[in-house]
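Hi,

Here is the structure I promised to pass on.

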Amino acid sequence: MSIVCDYSYAVITENNTKFKGIDISVNFGHTKSNFSRELFILNRLIPNTVYINQMKQDYSEAYFYNKIVNLNAALVLNTKPLLLKKHFTTQEVNFGLGYSFINTENSIYYSSTAMPNLRKETRLNFEYQSRQEQLHASYLFLSKTLLNNFKLHFGITGKLNLERIKLVEKNSFYETINYIKSNDSIQSNSQNNYHFKDVNTTLTYFTFIVPLGIRYNIDCQTNVFTELQMGLQYSPILTSGEKFHKMISIGFGIRYKFNEAETEIENGSFW
């Protein structure tokens, strides 16, 4: 069953661009961070720490994990096709605001053998929570209508992120364990246990995303969509190491369309 609608907004002429609708969406995902970025953040939270600098040179294992929930609102503009005109007659520009909740857990280990009968293992564990404010803009290409009410889309998205970071004190600590070999047994004792204090810092960086999605028209004023986002986060503030790290998320959203009274569908305003 196809949907037939009347509309007046978002009709494209040769020289104009008009508002098409508003998108509200939520994304769930994670980023694949790296050693340089996480130690940079830790140094911002706890500066001038000797044992953190030692970690940079002699770590044997590192574990980084974060969870992201991202909320977005965007205005959508129908625009005259600029690229790939023959294949994608429907193209649009989105711009809006985003807000993210992020929880990051990090564990870094290193070990050293000071003497034949003494081995030291050090563990640095820190957890922080982030809140991000984002400005974002996208350029999207929409496929022809599939099965009456479906369309596919892809494009490119850029985001400017301001991240406010707060250390989670109860889950952040530094610990050294000595393993001493005596005859046929190994004994252990712990030293230099230290729990970090509750501190804050901020970061600014950019995100570049390739979104791939599918949308479905519920009626003349509303469609729903799901979207896979894959991209890179770029942190120019990092002084050394990798400035890029990967991110991936899956999103779900709804669009309210500014459709009123005229009659066409396939030029893209309907979507």
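First, the ground rules. This is a predicted model, so to speak of local features I need pLDDT of at least 70, and side-chain atom pairs count only at pLDDT 80 or more, while totals for chains, interfaces and linings use all residues. Residues are numbered from 1 along each chain as its sequence is written, and side-chain values use heavy atoms, with hydrogens and water left out.

**Overall fold**

The chain has two helices and ten strands. Helices (H or I, at least four residues) and strands (E, at least two) are DSSP runs, numbered from the N terminus. In sequence order the pattern reads β-α-α-β-β-β-β-β-β-β-β-β. Of the 271 residues, 42% count as buried; buried means under 20% relative accessible area, exposed over 50%, and partly exposed in between (1.4 Å probe, protein chains only).

Contacts here mean heavy atoms within 4.5 Å. Among contacts between residues at least 6 apart in sequence, 74% join residues at least 24 apart.

**The charged network**

This is the bit I'd look at first. Which residues are linked in a network of salt bridges? They are Lys20, Asp23, Glu92, Arg215 and Arg255. A salt bridge is a side-chain nitrogen of Lys or Arg within 4 Å of a carboxyl oxygen of Asp or Glu, and by that rule the count comes to five.

- Lys20 and Glu92 meet at 2.6 Å, N to O. Lys20 is in strand E1 and Glu92 in strand E3, so this pair ties together parts 72 residues apart in sequence.
- Arg255 and Asp23 also form a salt bridge, at 2.6 Å, N to O. With Arg255 in strand E10 and Asp23 in strand E1, the pair ties together parts that are 232 residues apart in sequence.
- Glu92 forms a salt bridge with Arg255 too, the closest N and O atoms being 2.8 Å apart. Glu92 lies in E3 and Arg255 in E10, so parts 163 residues apart in sequence are tied together.

Arg255 comes in at 1%, which counts as buried, and Asp23 is buried at 7%.

Strand E1 (residues 18-32) also holds Asn27, which is buried at 3% relative accessibility. The side chain of Asn27 makes a polar contact with the side chain of Asn72 (3.5 Å). A polar contact is a pair of N or O atoms within 3.5 Å; within protein, one must be able to donate a hydrogen and the other to accept it, and residues adjacent in sequence count only if both atoms are side-chain atoms. Leaving out residues up to four places away in sequence, Asn27 touches several others, including Ile68, Gln229 and Ile250.

**Core and helix H1**

The largest nonpolar core has 18 residues, and those with the most contacts inside it are Leu124, Phe126 and Leu167. Such a core is a set of buried Ala, Val, Leu, Ile, Met, Phe, Trp, Tyr and Cys residues joined through side-chain atoms within 4.5 Å. At least two residues each come from helix H1 (35-45) and from strands E3 (90-115), E4 (118-142), E5 (150-167) and E8 (200-217). H1 gives the most, with six residues. Nine of the eleven residues of H1 are buried, so this helix is largely enclosed by the rest of the structure. Among the buried ones are Arg37, Glu38 and Asn43.

Phe28, Val210, Leu212, Leu228, Met230, Ile248, Ile250 and Phe252 make a nonpolar surface patch of about 620 Å². Patches are made of residues with over 30% relative accessible area and no salt bridge: like charges are joined within 9 Å, nonpolar side chains (Val, Leu, Ile, Met, Phe, Trp, Tyr) within 5 Å. E8, E9 (222-234) and E10 (244-257) each give two or more residues to the patch, and E10 gives the most, with three.

Lastly, Asn117 sits in the loop between E3 and E4 and is partly exposed, with a relative accessible area of 35%. The C-alpha atoms of Asn117 and Tyr179 are separated by 8.1 Å, though these residues are 62 apart along the chain.

Cheers

Technical notes: Areas by Shrake-Rupley, 256 points an atom, 1.4 Å probe, with all protein chains shown as cover.
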